[in-house]
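I opened the file today and kept notes as I went. The entries follow the order in which I looked things up.

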Amino acid sequence: MATLLHIDSSVLPVSDSASRAVADTFRTSWLQQHPDGFVIYRDLAANPASHISAAAQHAGYLSPEEHTVEQAAAFAERKELIEELEAADAVLIGAPMYNLSVPSTLKAWIDNVVLIGRTAMGAATLAGKPVIIIASRGGAYGPGTPREGYDYVQNYLRGVFEMMLGMEVEFIVPELTGAAVDPSMSELLPMYEESRYRAHDEAATRAQNLAAKLVEAV
Ligand SMILES: Cc1cc2nc3c(=O)[nH]c(=O)nc-3n(C[C@H](O)[C@H](O)[C@H](O)COP(=O)(O)O)c2cc1C
């Protein structure tokens, strides 16, 4: 039985959120392929992780016996988030673009789970674990677009999950979602629809393939 850790961070409900909707398609397809599979769900918009504090940061480099009362209390949440990530066989993250980067709630979660010597920078607890990121965005940032080079979501998250944590990163990118709500983008509606269709299709197929691979492995 494989475990999928599913994290959402859009402030919008699933009816209005591309990342939540595509992640939902992924999760549904994953469970169809693997009905015994287990999903742990974390909604960072509803229940944000604490920002990293000095006590939680210092505690990460000390053994539990050395923790002060304040450090032990601060590290408890960090440890829970790290253990949840370590226990998962695969990770699914909804990462909408907010002002060219990720939501601050997702950044706070990352600051908690990246711990040099345990999860990051050559440490092996997460190495090789697949992470699928739904990087939704209102505009388009691909090669040849006027905004090429201004995407700090995919580049940043690849750096964190691939370079720092050694995980296997895949992106699914529903883009031009602004066309659905902004009349000035109406000529982009067909491209938005195509992107949405492709994102859901990719999510269903990749979830199926991943579940089949994980079931074989366990
Ligand atoms: C606070 C905020 C900032 C945003 N900044 C950008 C941006 O810089 N570039 C962009 O293309 N879209 C931006 N958007 C639009 C979102 O990326 C878009 O609505 C996307 O679909 C969000 O993912 P979601 O549908 O899962 O909520 C922003 C939206 C919000 C709420």
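**Entry 1**

I note the conditions here. This is a predicted model, where local features need pLDDT of at least 70 and side-chain atom pairs count only at pLDDT 80 or more, while totals for chains, interfaces and linings use all residues. Residues are numbered from 1 along each chain as its sequence is written.

**Entry 2: helices and strands**

I listed 6 helices and 5 strands in the chain. Helices (H or I, at least four residues) and strands (E, at least two) are DSSP runs, numbered from the N terminus. Along the sequence I read the pattern β-α-β-α-α-β-α-β-α-β-α.

**Entry 3: the sheet**

In what order do the 5 strands stand in the open sheet? I read β2-β1-β3-β4-β5, with parallel pairing. Two strands pair if DSSP finds at least two bridges between them. β2 (38–43) and β5 (168–172) are at the edges with a single partner strand each, so one side of each has no neighbour in the sheet. Neighbouring strands of this sheet are turned by 15° against each other on average, direction ignored. Axes are lines fitted to C-alpha atoms, for helices over the stretch in contact, and angles run from 0 to 180 degrees between N-to-C directions.

I then checked single pairs. β1 and β2 run parallel and are joined by 6 bridges, and Ile 7 stands opposite Arg 42 in β2. β3 (residues 90–94) and β4 (residues 130–134) also run parallel, with 4 bridges between them. Ile 93 has Ile 133 in β4 as its bridge partner.

Helix α5 (residues 154–164) lies across β4 and β5, and I noted an angle of about 155° to β5.

**Entry 4: burial**

I sorted residues by their surroundings: a residue is buried if 20 or more other C-beta atoms lie within 10 Å of its own, exposed if 12 or fewer, and partly exposed in between, with C-beta atoms placed from the backbone. Of the 218 residues in the chain, 39% are buried. Strand β1 (residues 3–8) is mostly covered, as 5 of its 6 residues are buried.

Is Ala 76 buried or exposed? Ala 76 is in helix α3 (residues 69–87) and counts as exposed, because it has 12 C-beta neighbours inside 10 Å. Its C-alpha atom is separated by 32 Å from that of Ala 21, 55 residues apart along the chain.

**Entry 5: two leucines with positive phi**

Most residues other than glycine have a negative phi. Leu 100 has phi near 75° and lies in the loop between β3 and α4 (104–113). Leu 100 is partly exposed, because 14 other C-beta atoms lie within 10 Å. Leu 176 has phi near 60° and sits in the loop between β5 and α6 (189–217). Leu 176 is buried, with 24 other C-beta atoms within 10 Å.

**Entry 6: Tyr 192**

What is Tyr 192 in contact with, leaving aside its neighbours within four places in sequence? I found Leu 176, Thr 177, Ala 179 and Ala 180. Two residues are in contact if their C-beta atoms, placed from the backbone, lie within 7 Å. Tyr 192 lies in helix α6 and counts as buried, because it has 21 C-beta neighbours inside 10 Å. Tyr 192 and Glu 175 are 17 residues apart in sequence, and 6.3 Å apart from C-alpha to C-alpha.

**Entry 7: the whole chain**

Among contacts between residues at least 6 apart in sequence, 74% join residues at least 24 apart. The C-alpha atoms fill a box of roughly 60 × 40 × 30 Å, taken along the principal axes.
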